[in-house]
Structures are given as C-alpha cells and as structure tokens.
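Have a look at the sequence and the model first, and then we can go through them together.

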Amino acid sequence: MLRSYFGKLTLRVASPHLYGLSSAHLVEYYGFLLESETAVAFDKMRTAASKDGIVLEICSAFRDFDRQQLIWNAKASGKRVLLDSDSKPVDIDRKSAEQIIALILLWSALPGTSRHHWGTDIDVFDSKAISKASLKLIPQEYASNGPCHQLYTWLVNNAEQFGFYFPFQHGLSGVSAEPWHLSYYPVSKGFVDDFDPRELRKILQDSSVLHKDSLLCNLESLVQEYVFRVAPTPQ
Ligand SMILES: [Zn+2]
C-alpha cells in the first residue's frame, strides 16, 4: 500500500524518501516495495540465480519510519527480545539508556537511518533451502553448513555485475555484518551522499522514538557510525 506522508508531517523535510517518510519513488515487486531501478536489477539477478539452482527471494524490502519506530520501541521497552553480538538474548532490566541504544543498534537501525527506508536495500534468502517462516536472519544461516551459504557464495561472486553489494561487512561498517542484506549501489550511493543529519534531528524531535533525548545528544556520531560508515561500493 502506497501512502504519502507529506500531509501528516507538521515539519518540512528535504528529501523525505531518505528517512522513510515517502514511498513516492517505489514500485511494487511481488508484494514488496522497491525503488524502481532496484526492482528491475533485482529481477535480472533473480533470473540469473535460478539458472544456477538458487531460488533468490526477498524477505524484507522497503520499511517506513513508523514501522522502524515500532521495532525500535518494542526493543527499547523489552517487548521484543534484544540480541547481543553473538545473537544471544540480553536482559535489559539493569541497562542504561546508552547501553540499550548500543544493543539495539547491533541489529536494528535507528528510525530514520535504516537503509530499508530507501527501497534500494533488501534482505534475501534461498527459499529452496529454508522457509521464510524458519528463517531467523542470523549469520550462522549464511555461514558454511548454513542453509543460505550457497546463495551467499553465489552473491559474493555475482551480485556486483547486477549492481548489488553488501554494505554491512565485518570491520567495514558500523552495523554488524549482515550477509543477507544487499544494496543496489548505483542508486543507494547517492542516497548516502544526500543524507543530512540536521533533517534527521528535526524528524526525531517530532517523533515518539524511545530514548530520544540520549539519541539526540549523540546524533552526529551515531549517523557517522551507522549511516556513513559502510563498506565501500565496488568501483
Ligand atoms: Zn536488512
């Protein structure tokens, strides 16, 4: 369902599509919303993968600001389980706001900063090897012996020729390595360049994001680490 946020916002935001506040640049692709050039490129890559026996499927594409805020607030309030860097559950009862923020940011983006707001970024799996219902999106599923390892290896060798790459890689990104998260870099590269922390600050001030005060105190460094520090795009 496409919906516009322009009427809803009381504040004026330049480039609202960078922060999950507009879906005007998206097209529908088998039930998912994708940026239009991304959809064309992904369809070509999916066809190529199927010739090599891999059923390349999307499990998550565009996500708007409100959806990301629901995820964030559920984790920040303990309603949804928080995982540590080894994907083990953490008890947040005795954690400070800063500690909770750092834990959430291991696996979930701050609302307004998710690359899923752009429609250029997708989470993928091999539906021949594992069902969507069983998929947990944890690194073990994409490592050797995992059900999506063959898919991951195929993507490492082939994704670039279709314009896709992995922005979240160990040691190269603020976000933990995500071997399931692909980005269509001919478009997303420009989105990173245009991202403006000052616009994000206005949006967050107007939002219901939990731990907002702590976030706003550290916003520039959070944006630097979690938006700007990603693996370099292929040449
Ligand atoms: Zn993702």
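A residue counts as buried here if 20 or more other C-beta atoms lie within 10 Å of its own, and as exposed if 12 or fewer do. Please keep in mind that this is a predicted model.

With that cut-off in hand, let us turn to helix α8, residues 219-228, where L222, V223 and V227 are buried. These residues cover an arc of only 100 degrees around the axis, which puts them on the same side of α8. An α-helix has 3.6 residues a turn, so residues three or four places apart point the same way. On the face of α8 turned away from the buried side sit S221 and Q224, both exposed. The partners against which the buried residues of α8 pack are α5, α6 and α7.

Buried in α2 are F65, Q68, W72, K75 and A76. Because they cover an arc of only 100 degrees around the axis, they lie on the same side of α2. Their cover includes β4 (82-83) and α3 (97-107). Just after α2, G78 adopts a positive phi of about 80 degrees.

| Helix | Residues | Buried residues |
|---|---|---|
| α8 | 219-228 | L222, V223, V227 |

Which residues have the most contacts inside the largest nonpolar core? They are L34, M45, L151, A159, F164 and L182, in a core of 31 residues. Two or more residues each come from β1, α1, β6, α4, β7 and β8, and the largest share, four residues, is from α1. Leaving aside neighbours within four places in sequence, L182 is in contact with D121, I122, V124, L155, A159, F164 and F166. Apart from this core lies another, of 22 residues, with F65, F191, L215 and L222 among them.

Stepping back, the protein has eight helices and eight strands. Its radius of gyration is 17 Å, close to the 18 Å that the globule rule gives for 235 residues, so the protein is as compact as a globular protein of that length. The C-alpha trace spans about 50 × 40 × 35 Å along its principal axes. Of the 235 residues, 36% count as buried. Among contacts with a separation of 6 or more, 67% are between residues 24 or more positions apart.

Technical notes. Residues are numbered from 1 along each chain as its sequence is written. This is a predicted model: local features need pLDDT of at least 70, side-chain atom pairs count only at pLDDT 80 or more; totals for chains, interfaces and linings use all residues. The radius of gyration is taken over C-alpha atoms; the globule rule is 2.2 Å times the number of residues to the power 0.38. Two residues are in contact if their C-beta atoms, placed from the backbone, lie within 7 Å. The arc is that of the directions from the helix axis to the C-beta atoms. A nonpolar core is a set of buried Ala, Val, Leu, Ile, Met, Phe, Trp, Tyr and Cys residues joined through C-beta atoms within 7 Å.
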